[in-house]
Amino acid sequence: MILSIDRSIIFQIINFLILVALLFRFLFKPVVQTLDKRSNHIQEEMNKIEKEKKVAEELRLKYEEESKNIHIKYQEMMELANQEAVKIKSKIIDEAYQESEKIKQTAEEKARIEIDKLFTELKMDIIDISTEMAAKLLRERIDTSKQDQLIEQLLEEAISKIEIKSEAQYG
Amino acid sequence: MVSSKKEIVKLITPLPMTESQKNKVKSKLSRIGDINQMVFQEEVDPSLLGGIVIIFGEMLIDCSLKTQLEKMKEGIII
């Protein structure tokens, strides 16, 4: 039965094995090596990408942190600026108020001086007119009889004063 | 002629003085000086308004209404 196996089949198997061996030696191995190399290269690239990704992530986190800090700093600066603006505003309002009060006081003082001046002028005018009128009346009404009375009365007063003074001075 | 010892007394009035007025003035002046040693000079000054101004040596007795009025005016101003 065994002997009955066709020799050609045995040759074909041997050929096949040889072919497999040859294929393995000259085709499969280089292909596998190439694929390994390719795989290694891809792995390296992947590692590299992973590394860069990691670096990028670190950078992103760093920028994010810096951005956050900048934002906080910006907020602080804005807060300070606002406080400063409020202070300046308050100062300007205060200064303006003081200036206006000063102007008001000066104007009031000027007005008061002007009124006083006018009042004094008016008073002087009234006194001058009154004195002038009184002098005119006296000039018209003084006659010898009134002059007699005036000399008597006024001279008596003056002489009495001189006498009193003289007595006080000389005992 | 006036004695050198006699003193000039100037009487200034707004109207010419009557004898009665002169006598009155002399009578009053006799209380403060020797009337016999006085020589009276009269002068009329209408601006005095009334009363009399007597200049007696260095003494000035101003009894004029003009001065009274001015004093009154000063009193009002003050």
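These numbered points go through a predicted model with chains A and B.

1. Basis. Residues are numbered from 1 along each chain as its sequence is written, and chains are lettered from A in the order in which they are written. In this predicted model, local features need pLDDT of at least 70, side-chain atom pairs count only at pLDDT 80 or more, and totals for chains, interfaces and linings use all residues.

2. Confidence. pLDDT is the predictor's confidence in each residue, from 0 to 100. Chain B has a mean pLDDT of 89, with 95% of its residues at 70 or more. For the complex, the predictor gives an ipTM of 0.86 and a pTM of 0.57.

3. Chain A. Helices (H or I, at least four residues) and strands (E, at least two) are DSSP runs, numbered from the N terminus. Chain A has 2 helices and 0 strands. Of its 171 residues, 4% are buried. A residue is buried if 20 or more other C-beta atoms, placed from the backbone, lie within 10 Å of its own.

4. Helix α2 of chain A. This helix covers residues 144–170, and at 1.5 Å a residue its 27 residues should span 39 Å. The expected span is 1.5 Å times one less than the number of residues. The end C-alpha atoms are 37 Å apart, which agrees. The buried residues of α2(A) are A:Q147, A:L150, A:I151, A:L154, A:L155 and A:I159. What covers them includes β1 (7–13), α1, β3, β4 and α2 of chain B.

5. The interface. Two residues are in contact if their C-beta atoms, placed from the backbone, lie within 7 Å. By that rule, 22 residues of chain B are in contact with 21 residues of chain A. On the chain B side, α1 (19–29), β3 (51–56), β4 (59–64) and α2 (65–77) each give two or more residues. That side divides into 12 nonpolar, 6 polar and 4 charged residues. Here Ala, Val, Leu, Ile, Met, Phe, Trp, Tyr, Cys and Pro count as nonpolar, Asp, Glu, Lys and Arg as charged, and the others, Gly among them, as polar.

6. The sheet of chain B. Four strands form an open sheet in the order β2-β1-β3-β4, with mixed pairing. Strands pair if DSSP finds at least two bridges between them. The edge strands, each pairing on one side only, are β2 (38–44) and β4 of chain B. From one strand to the next, the twist averages 15°. β1(B) and β2(B) run parallel and are joined by 7 bridges; B:I12 has B:E43 in β2(B) as its bridge partner.

7. Helix α2 of chain B. α2(B) packs on the sheet and touches β3 and β4 of chain B. Its direction makes about 80° with that of β4(B). Axes are lines fitted to C-alpha atoms, for helices over the stretch in contact, and angles run from 0 to 180 degrees between N-to-C directions.

Conventions. A residue is buried if 20 or more other C-beta atoms lie within 10 Å of its own, exposed if 12 or fewer, and partly exposed in between; C-beta atoms are placed from the backbone.
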